[in-house]
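Okay, thanks for having me, everyone. Let me put the sequence and the model up on the screen, and then we'll walk through a few spots together.

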Amino acid sequence: MKRKFIKSSVTILSALVITGVLVFLSVSEAFAGKKIQLNSKKLDIMESESHVLRLIGAGKNVKWSIKSGKDNVSLESAKANRVIIYGKKAGSASVNAKFKGKTYTCKVNVSALPYTSKEPDGPQVSPQQDGTDNTNTTQQPEESKKWRAVAGFGSELLQNTWEKGENIMVSPISVYNALAMAANGAKGETLAQIENAFGMSLSECNDYLASYNSSLPSGSKYKLSPANSIWIKEREDFIVEQDFIDKNMEVFNASVYPAAFNNETKNNINNWVNKNTDGMINKVIDEIPEDAQMYLINALAFDAEWRKPYNSSQVREGVFTEENGKKEDVQMMYSEEDIYIEDKDTTGFIKYYADNKYAFIALLPNEGIGMEDYIKNLDGQKLDSLIGNKRNAEVKTAIPKFESEFETKLNDALADMGIIDAFDTNKADFTGIGKFLDGDGLRIDDVIHKTFIKVDEKGTKAGAVTAVSMIKCTSLMPGEVKKVYLDRPFIYIIADCQTWLPAFIGIVQDM
C-alpha cells in the first residue's frame, strides 16, 4: 500500500493536452444552450456572514463588482463563475456579474448581528493569541457542526485505513468532493447512507464544499488547488440525467468529458490527474475495465513555503524511533515556534507557511500511548478541541524530513462508515445520474485514493486524487518553554488558517 521516497515526473505530450482540450470544447458546445443566471437574485445575510454567489452556466471570464453598498459588503475569492459575498455591516447592496456583455444583478440585504453572550463553537484563534491577523475564524454553531462532520470524516478514514508501521495520509476534502459528486445522483437509502457518513445533508454538503473550494487562498508562495472532473463512456444505450451534470458543474465547477473509454481515455484521465496534482501523482488508473461507465475524480494540489524556511544550521542528524523500538537515522529540522497544542494525551504545535495562510499541525501522542489507541479517539470533536484551544507559547520543535506516497481502495473503509448500498448491484440507487435503456442502473465499483507528501527545509508539497468508478448494475503557563520533537510516530494535519479544516491528515510511523 505504501511506497516511500519515490519521486515522479511526467512529461505531458502536446498531443494529449490538445486531445483533452478538444474533448472539453466539445462538452462546452454540448452545454452551450444552458441558461445563464445567478443562483440567487436576492440575498439576506447577517453581519460577518458570507454567501457564495454563482453565475450558473457561465465560463471563467465573469467580472464581479459592487454596484452599490461598498460599505456594507465586500467581495472575496472571486474565481471563475463564483464569488463570496461577505456582510460587513447592516444595510443594502447590489452586486453585479458581467459576462459576455450582459450584466446580472443580485440585491443583498445585510442584517445586524443580534447580541448573544454565548461563545461560538469551533476552532478559533484571535490575532492576539498567535500574532497573525488572518486566522480569526468565528464559526457559528451550524458551521462548527459542518466543520466537525468533515474533520470527523477524515479521522474515521484515517482509522479505517490504519496499518501498524505504515505511513498513511488521506485527504478528507478530496474524498468528500468525489463522493459528493456521486451523491448528487443518488436517491433513497443509497443517498441516506452517504449523508449519514458525511454527517450532513447533501444540500448542506454542496454548499459547504462550494464555499470552501472557492475561498482557498493562493499566492506566489502558497496554494491549495482543488479540481473536479466527470468522465462518461459514450454509448447509445445510456442516458445521462442533465440535472446531474448541471449540479456538479455548478457546485464543483466540474469539467465533463464524454470519451470512448479506451487506452487513449486512460491516458487522458491520468494526464488530467498529473496536471492537477502538479506532477505529484502521475496516474490513478492502470486500465479501464470493460464494464466501467463513469469516473468522478477530484484532484488536490498543495504547495507552500514555510513562513520561516530552515537554514542549514537548523538541519541536523537525528534519530526517529518507531513504535516497535527500531531506530532510524533521519535529517531533523529544528526551530522555535509560538503556537502550542496540548491535552491529556497529546502535545503538539503549529508551524505556519508563508503569509500565515496555511499551517502544518503536528500532534504527538504522549509516551506510552500506542498510535492505534490514539487514533481510535481522534474524532472531529477532539480535533476541534485541540485546534481551538491552541495557545501562545515558546515551543522548541523538531520535524523529520520525509517523503512518502500512499495508495488504497476505500471501499471497505467507506463500508465501515455505513456506505454499503452504493456498492451493491441489487441495492444501489444512482438513478439521478442516468440509466441504461434496458432499465439497469449504476453502482460504485471502486473508490481509489492516492496521496503524496514531501516535507523539507523549504516547505511542503502534497497531492491527493480520489476516483469514484461507476459500473453498470447487472442484476501551559506563559513564558514556559515547551519542547515537541517529532522523533517517534506522530500525526500531522495540513489546513488553511481561515477554516482550519484538515485538507490532509496523516501518520508517520516509519522512516
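Skipping its neighbours within four places in sequence, L414 is in contact with F153, L157, L179, I419, F423 and V447, where contact means heavy atoms within 4.5 Å. Before I go on, this is a predicted model, so local features need pLDDT of at least 70 and side-chain atom pairs count only at pLDDT 80 or more, while totals for chains, interfaces and linings use all residues. Residues are numbered from 1 along each chain as its sequence is written, and side-chain values use heavy atoms, with hydrogens and water left out.

Where does L414 belong? L414 is among the residues with the most contacts inside the largest nonpolar core, along with L179, F430 and F504, and that core has 123 residues. By nonpolar core I mean buried Ala, Val, Leu, Ile, Met, Phe, Trp, Tyr and Cys residues joined through side-chain atoms within 4.5 Å; buried is under 20% relative accessible area, exposed is over 50%, and partly exposed is in between, using a 1.4 Å probe and protein chains only. Helix α4, residues 172-183, gives this core its largest share, 9 residues. Helices here are DSSP runs of H or I, at least four residues, and strands are runs of E, at least two, numbered from the N terminus. There's also a second, separate core of 22 residues, including A227, Y257, I285 and Y295.

Now, what does α4 do next to α6? Their axes come within 11 Å and cross at roughly 135°; axes are lines fitted to C-alpha atoms, for helices over the stretch in contact, with angles from 0 to 180 degrees between N-to-C directions. On the α4 side, the contact is made by I173, Y176, N177, A180 and A183, and on the α6 side by L202, C205, L209, Y212 and N213. Several residues of α6 are buried, among them Y208, A210 and S214.

Over to helix α10, residues 380-388: 7 of its 9 residues are buried, so α10 is largely enclosed by the rest of the structure. Those buried residues include K382 and D384.

Last stop, D421, in the loop between α11 (411-416) and β21 (434-436). Buried or exposed? D421 is buried, at a relative accessible area of 9%. D421 touches E189, T190, Q193, K427 and A428, leaving out residues up to four places away in sequence. And D421 sits 9.0 Å from L191, C-alpha to C-alpha, although the two are 230 residues apart in sequence.
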